[in-house]
Amino acid sequence: MEKLKTKNVFVDLTQTQAYKLMAQYEYPWEVLPHIGEFILEYGKTLSEEEYDHPADDVWIHKSCKVFPTAYINGPCIIGKDTEVRQCAFIRGNALVGEGCVVGNSTELKNVIIFNNVEVPHYNYVGDSILGYHSHMGAGSITSNIKADRKNIEIMCDGEKVATGMRKIGAILGDWVEIGCGTILNPGSIVGHNSNVYPLSMVRGYVEKESIYKKAGEVVEKY
């Protein structure tokens with residue numbers, strides 16, 4: 001399905017340090033199993049003058065503001081000018097870009113966070129990729145595994161696309177806005193420059209440059 005391909009979901013792959021990894025795979029969910037190994041290899045190349053290395057497999061840019069109550073487990077890279085706030089819980093396999101906000105009590109696990117992304121208040125983001133300048137409103141979360149534990153299929157234009165994977169959270173294109181209290185069901189993909197209303201329950205593909213009001217009610221944004 002052409003709409004779901006990496007090159008069409010994201011506008012600018014260079015807005016993440018993982019752009020070479022992302023470019024290798026036709027579909028973005030195929031990147032997820034390789035995040036940890038990429039961080040371990042890429043971390044070794046980072047300048048000691050620019051990055052602190054406070055624990056095994058953890059690299060934090062010296063310009064970052066990390067609150068003392070935040071927990072950061074490797075493999076993890078946190079880019080320039082990012083803020084990690086009180087009680088944030090970074091479980092590992094997390095590549096966080098430049099100018100990001102990882103907010104109070106936000107949990108990250110197996111993620112690529114592009115530059116200038118905000119997950120600022122009580123968010124759970126697991127097995128997910130958040131594109132450049134995307135934003136998740138307070139309390140919005142990704143659900144990354146189905147109740148029946150079966151492999152995830154993504155609905156797009158009436159067709160089910162098999163992924164062959166049991167764990168996929170959400171994939172947000174560039175400049176996506178997710179409203180407060182929204183649940184992104186396993187395998188949700190939101191095309192770039194789209195908005196999702198607060199308190200929504202999203203499943204499958206949301207068209208780029210659209211406004212998701214509720215299931216079955218998606219309108220063009222422009």
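Modeller: E207 is partly exposed, with a relative accessible area of 29%, where partly exposed lies between buried, under 20% relative accessible area, and exposed, over 50% (1.4 Å probe, protein chains only). This is a predicted model, in which local features need pLDDT of at least 70 and side-chain atom pairs count only at pLDDT 80 or more, while totals for chains, interfaces and linings use all residues. Residues are numbered from 1 along each chain as its sequence is written, and side-chain values use heavy atoms, with hydrogens and water left out.

Biologist: With which residue does E207 form a salt bridge?

Modeller: Side chains of opposite charge can pair when their charged atoms come close. The term salt bridge is used here for a side-chain nitrogen of Lys or Arg within 4 Å of a carboxyl oxygen of Asp or Glu. E207 forms one with K3, and the closest N and O atoms are 2.8 Å apart. This pair links distant parts of the chain, 204 residues apart, since E207 sits in the loop between β23 (205-206) and β24 (210-214) and K3 in the segment before α1 (6-9); helices (H or I, at least four residues) and strands (E, at least two) are DSSP runs, numbered from the N terminus. K3 is itself partly exposed, at a relative accessible area of 27%.

Biologist: How many salt bridges does the structure hold, and which residues are linked in a network?

Modeller: The structure holds nine salt bridges, and a network of them links E2, K5, K7 and E26. Within this group, K7 pairs with E2, their closest N and O atoms being 3.6 Å apart; K7 is exposed, with a relative accessible area of 59%, whereas E2 counts as partly exposed at 42%. Another salt bridge joins the side chains of E41 and K44 (3.5 Å, N to O), and both E41 and K44 are exposed.

Biologist: How many disulfides does a search of the whole structure find?

Modeller: A disulfide is a pair of cysteine sulfur atoms within 2.5 Å, and the search of the whole structure finds zero. For C76, the closest cysteine sulfur is that of C64, at 9.4 Å, which is too far for a bond.

Biologist: Is C76 buried or exposed, and what is the case for C87?

Modeller: C76 is buried, with a relative accessible area of 0%. C87, by contrast, counts as partly exposed at 45% relative accessibility, and its sulfur is 17 Å from the closest cysteine sulfur, in C76, so the two are too far apart for a bond.
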